[in-house]
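Please work through each task with the structure in view before reading its solution.

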Amino acid sequence: MPLTPDEELELLRLEALNERDAARVGLIDFAQYVDPPASKWYSAGHLRQIAAMLERVERGDLKRLIVSVPPRSWKSSLVTIKFSLWYLGRNPKHSIILVSYAQQLADAFSKQIRTVVETSNE
């Protein structure tokens, strides 16, 4: 039996809630939630492995982490931008220091983080 328009809206609302709840728990889900056009890229195995280690950092199970992957592997997007946002969302009383070898790069990352925070409606 087909759904009524009201049932369809309710189903869409519940799906959106499930996505948002998943984004609060897992880093990959968060990255896909805040960056839908790039969501397929965050499914890559190496990014899932990095995210698992970053989740250990967030929990306090891991104190130090070095991420070394080739350029253009999405590490900056996941580690610097998405992790910073996700971490601060889960730990709002904490702070993060963003550093880079170049001021211009640090400024660009900071701007991207601020943009997500300022445009978030939740």
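**Exercise 1.** At what angle do H3 and H4 pack, and how far apart are their axes?

*Solution.* Begin with the geometry of this predicted model: H3 and H4 pack at an angle of about 35°, and their axes lie 11 Å apart. Next, take the handedness, for H3 passes H4 in a right-handed crossing. Then list the residues in contact, which are Leu47, Ile50, Ala51, Leu54, Glu55, Val57 and Glu58 on the H3 side, with Leu78, Val79, Phe83, Trp86, Tyr87 and Arg90 on the H4 side. Sorting this contact of H3 with H4 by class gives 10 nonpolar and 3 charged residues, and no polar ones.

**Exercise 2.** Determine how H4 is oriented relative to H5, and which residues form their contact.

*Solution.* First, locate the two helices, H4 at residues 75-90 and H5 at residues 103-119, which pack at an angle of about 45° with their axes 10 Å apart. An angle of this kind makes H4 oblique to H5. The crossing, in which H4 passes H5, is right-handed. Turning to the side chains, Ser76, Thr80, Ile81, Ser84 and Leu85 of H4 meet Phe109, Gln112, Ile113, Val116 and Val117 of H5, and by class the contact of H4 with H5 comprises 6 nonpolar and 4 polar residues, with no charged residue.

**Exercise 3.** Explain why H2 and H3 are described as roughly perpendicular to each other.

*Solution.* The axes of H2, which spans residues 27-34, and H3 come within 8 Å and cross at roughly 115°. Because angles of 65 to 115 degrees count as roughly perpendicular, H2 and H3 are assigned to that class. Their contact is made by Leu27, Ile28 and Gln32 of H2 together with Leu47, Arg48, Ala51, Leu54 and Glu55 of H3, and the contact of H2 with H3 divides into 5 nonpolar, 1 polar and 2 charged residues.

**Exercise 4.** Which helix gives the most to the lining of the largest pocket, and which residues lie nearest the pocket's centre?

*Solution.* Start from the volume of the largest pocket, about 650 Å³. The largest pocket is lined by 22 residues, of which Val79, Thr80, Ser84, Ile97 and Val99 lie nearest its centre. H3 (45-59), H4 and H5 each supply at least two residues of this lining, and H4 gives the most, with 7 residues. Finally, classify the residues of the lining, which divide into 15 nonpolar, 4 polar and 3 charged.

Conventions: Residues are numbered from 1 along each chain as its sequence is written. This is a predicted model: local features need pLDDT of at least 70, side-chain atom pairs count only at pLDDT 80 or more; totals for chains, interfaces and linings use all residues. Side-chain values use heavy atoms; hydrogens and water are left out. Axes are lines fitted to C-alpha atoms, for helices over the stretch in contact, and angles run from 0 to 180 degrees between N-to-C directions. Helices (H or I, at least four residues) and strands (E, at least two) are DSSP runs, numbered from the N terminus. Angles under 35 degrees count as roughly parallel, over 145 as roughly antiparallel, 65 to 115 as roughly perpendicular and the rest as oblique. A crossing is left-handed if the near helix is turned anticlockwise from the far one by less than a right angle, and right-handed if clockwise. Contact means heavy atoms within 4.5 Å. Ala, Val, Leu, Ile, Met, Phe, Trp, Tyr, Cys and Pro count as nonpolar, Asp, Glu, Lys and Arg as charged, and the others, Gly among them, as polar. On a 1 Å grid over the protein atoms alone, a cavity is a set of points where a 1.4 Å probe fits but cannot get out, and a pocket is an open set with protein on both sides within 12 Å along at least five of seven lines; lining residues have an atom within 4 Å of a point. Grid points are joined across faces, edges and corners, and a volume is the space filled by probe spheres set on the points.
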